2 protein chains.
Amino acid sequence: MTESNKETFMDKKLSRRRMLKMTGAGAAGVAIGASGLGGVLKAFGVPDFLEDDTSVENKVNFYGKHQSGIATEVQTHVYFASLSVLVKSKAELQELFKMWTPMAVSLMNGKPIGETKNSYVPPVDTGEAIGVDAKNLSITFGVGPSLFKNKSLGLSHLKPKELNDLPHFPKDQLEEAYTGGDLCIQACADDPQVAFHAVRNLVRAASGKVSIKWTQAGFNSIPVNKEGKRETPRNLFAFKDGTENPRSEKAMNDVVWVQKGESKPWMTNGSYLVVRRIQMHLETWDRTSLQAQEDTFGRYRHNGAPYGKENEFDAVDEDRKDENGNYVLPETSHVFLARQVKARIMRRAFSYSSGVIDHTGAYDAGLLFISFQKNPQQFTDIQNALGRLDKMNEYITHRGSGVFACFPGIKKGSYIGEALFNA
Amino acid sequence: MTESNKETFMDKKLSRRRMLKMTGAGAAGVAIGASGLGGVLKAFGVPDFLEDDTSVENKVNFYGKHQSGIATEVQTHVYFASLSVLVKSKAELQELFKMWTPMAVSLMNGKPIGETKNSYVPPVDTGEAIGVDAKNLSITFGVGPSLFKNKSLGLSHLKPKELNDLPHFPKDQLEEAYTGGDLCIQACADDPQVAFHAVRNLVRAASGKVSIKWTQAGFNSIPVNKEGKRETPRNLFAFKDGTENPRSEKAMNDVVWVQKGESKPWMTNGSYLVVRRIQMHLETWDRTSLQAQEDTFGRYRHNGAPYGKENEFDAVDEDRKDENGNYVLPETSHVFLARQVKARIMRRAFSYSSGVIDHTGAYDAGLLFISFQKNPQQFTDIQNALGRLDKMNEYITHRGSGVFACFPGIKKGSYIGEALFNA
């Protein structure tokens, strides 16, 4: 256990009686009512303000122009949570984000959300990440369309017109259990327990104020080449995912970050997150020839190069023909169809594998597709272009969906979502 | 992509027509019938014998006195699969294990199960682990009690008398969807996609011969101390799990490895695996005081030391009393109760987190408890000692269960389970 992660304790020799007197917490083992937990944690160990601890290893910064977890180099694990809001006023919602701010900083510093100074109340931090470093934890907060429809919150006039539930796409089979949400927390880290721990502690501190609607854990296996350089991870169909992502600052501003005047002012420097829980029918895919698999993507499996090219990052050439005058890139391929519209997005996807589906024995596995764009319409345009023609449709089913407006980054001394609450 | 992981391809310039002629596989995209897949893979790329490639980094050896994945230092991920057998004869079952042997070696060498030499049939390997090293993959094979009841296999006389479904324990709420199985494959690796890939490819190659009954992915977050030494991982209750494991060769022989004459001869140097899918009621736990949490385990949370002691590995002292003459270790604690019997086991557990339970919003999270012992009765004795008194019962529910006889290790030139088939 490193010094920074160690819990601090009151002297164990303090008598139980004296301890109870000090805290007024009653008998050991007392269950704190759900709505009272946040207050207890706040009172006993969470500071009001914290800075990024730049001395910590494997650390992503919390403060900045943009939220973490968007341009951040993708980690090996995600725990994505969609939440319902239980608070009844804008002020309470604002308090929630104020409370979460130092907690998120502390978690991203690789520390507990607060110090447990007292054994006779529940621990301030649930503790399963003790002794583990920051693991490049990023935490991204967003708000969904339903939050603005909640009349008691009085936020309807602040809803960006582009923030809406996604339209129904051909072959969607969305399940309520994986769709929508008032808020989202995307916790990414190079350790699944660290990502889970972050969401668990934020939600726990907010008990009575939010409830979980759905969650999904996901992972990425990131190959490292001979030069020690990270390569594009492969999805469960074994194809590289994220090759065409924007990389330059200009491309990020064109594709991902909301610029001044492009959305509601509170979203400037923010981004819109689209999440899709896409089941991959691995059994069907695995009985398909390599040729047909590659025709589906329009790329070669072994190196990710587009059809007719040599290398992963070579430009796609959709007009190229072979010696017989046939197009090299199949017109039903994912790559060909996606290029029929101008829209681009930044993919930041993870695989998931959640056992098997009871009645069939088929893998409940696939892609937790997450993309960021300055307007959800970019995703919709691409998805519509894929439409019914996409050869991929034989192999996947969209089971869950969500769209969230992710706030701009947080300045020191400010808090998550301040621009929304001050608007 | 490293040289060793690169797929080999026939020259892409071979005409489609010539290719089809060579393979007789018909049109590109042809779906191979489920039962034919193993044959296709075998014919096109899987060798009959392979050695451990000791030049590979992060590599666990396949061959040895014992199977891998038991004494192997615990990895960060598991994909555990329970399978039903579809074959109708002992000879077919034997062929299955013979087929799996070089595949398992290849996977543990960080390579595909075979080379894809032909684009017009399904890839020999599903490919999602291309470019990633061996990641300390271990693969452990076992057989369940139901296999010996299958009359067409003719193995009933070889069933060890200690290999039985576990008895019903107080507070068990087992679900059929997570219980039992004819065979198990425990794939552990320091990468979730590598573990999943191993099971997927073994099961795929055996299509028509086995079907999946249930699977569960799990993880461990392994703290590393200032000296770079691995520490005991924490479960989702934040307590260290595995502190009391046997470590010396003598202890392993006393507790884990079946010695000559202790079971059926085919199990000598093997071990029995018990798996329990234990839901942890995190919401209840998280509203419980630290004191009551520690009373539940009989250990301190921050360093894992037993009550009244300083360090994690200090011996438990159940007779120790405080200044008022009260026992230091609560009589309802996990540690106290487990010590009321002589039996010991080796825990090799993982956490799991599989979203939330639809109708409640509670985490579907907990412990994928796996233990190894030379006789499942060791587990049963401990579980019975915990019984109804165990304070832990308030916080957990056992949802799934399995017991499997894991074969001894495999000698070069032999195959998995040979002693059973030659018996």
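Colleague: What should the 19 residues of helix H3 of chain A span, and what distance separates its end C-alpha atoms?

Modeller: In this predicted model, helix H3 of chain A covers residues 90–108. At 1.5 Å a residue, its 19 residues should span 27 Å. The expected span agrees with the distance between the end C-alpha atoms, which is 27 Å.

Colleague: At which residue does H3(A) bend, and which proline follows?

Modeller: The bend in H3(A) is about 25° and falls at A:Thr101. A proline follows within four residues of that position, namely A:Pro102.

Colleague: How many of the residues of H3(A) are buried?

Modeller: A residue counts as buried when its relative accessible area is under 20%. H3(A) is largely enclosed by the rest of the structure, because the residues that are buried number 14 of the 19.

Colleague: Which residue just after H3(A) takes a positive phi?

Modeller: Just after H3(A), the chain has a residue with a phi of about 75°. That residue is A:Gly110.

Colleague: Which UniProt domain annotation covers residues 67–220 of chain A, and how far apart are the end C-alpha atoms of that span?

Modeller: The UniProt annotation, from an unreviewed entry, reads "domain: Dyp-type peroxidase N-terminal". Over residues 67–220 the chain is 25% helix and 21% strand. The end C-alpha atoms of the span are separated by 21 Å.

Colleague: What is the volume of the largest cavity, and which residues are the closest to its centre?

Modeller: The count comes to five cavities of 30 Å³ or more. The largest cavity has a volume of about 310 Å³. Its lining is formed by 24 residues, and the closest to its centre are A:Ala217, A:Phe219, A:Ser353, B:Ala217 and B:Phe219.

Colleague: How many charged residues does the lining of the largest cavity have?

Modeller: Elements of chain A and chain B each supply at least two residues of this lining, among them strand E4 (210–219) of chain A and strand E4 (210–219) of chain B. By class, the lining has 14 nonpolar and ten polar residues, and the number of charged residues is none.

Colleague: Is A:Phe237 buried or exposed?

Modeller: A:Phe237 is found in the loop between E4 and helix H6 (249–255) of chain A. Its C-alpha atom is separated by 34 Å from that of A:Ser211, 26 residues apart along the chain. Because buried means under 20% relative accessible area, a value of 0% makes A:Phe237 buried.

Notes: Residues numbered from 1 in each chain as written. Chains lettered and ligands numbered in written order. Predicted model: local features only at pLDDT ≥ 70, side-chain atom pairs only at ≥ 80, totals over all residues. Heavy atoms only, no water. UniProt positions renumbered as here; feature names shortened; annotations may be inferred. Expected span 1.5 Å × (residues − 1). Bend = angle between axes of the 7 residues up to and from the residue. Buried < 20%, exposed > 50% of the residue type's maximum accessible area, 1.4 Å probe, protein only. 1 Å grid on protein atoms, 1.4 Å probe; cavity = no way out; pocket = protein on both sides within 12 Å on 5 of 7 lines; lining within 4 Å. Points joined across faces, edges and corners; volume = space filled by probe spheres on them. Nonpolar A, V, L, I, M, F, W, Y, C, P; charged D, E, K, R; others polar.
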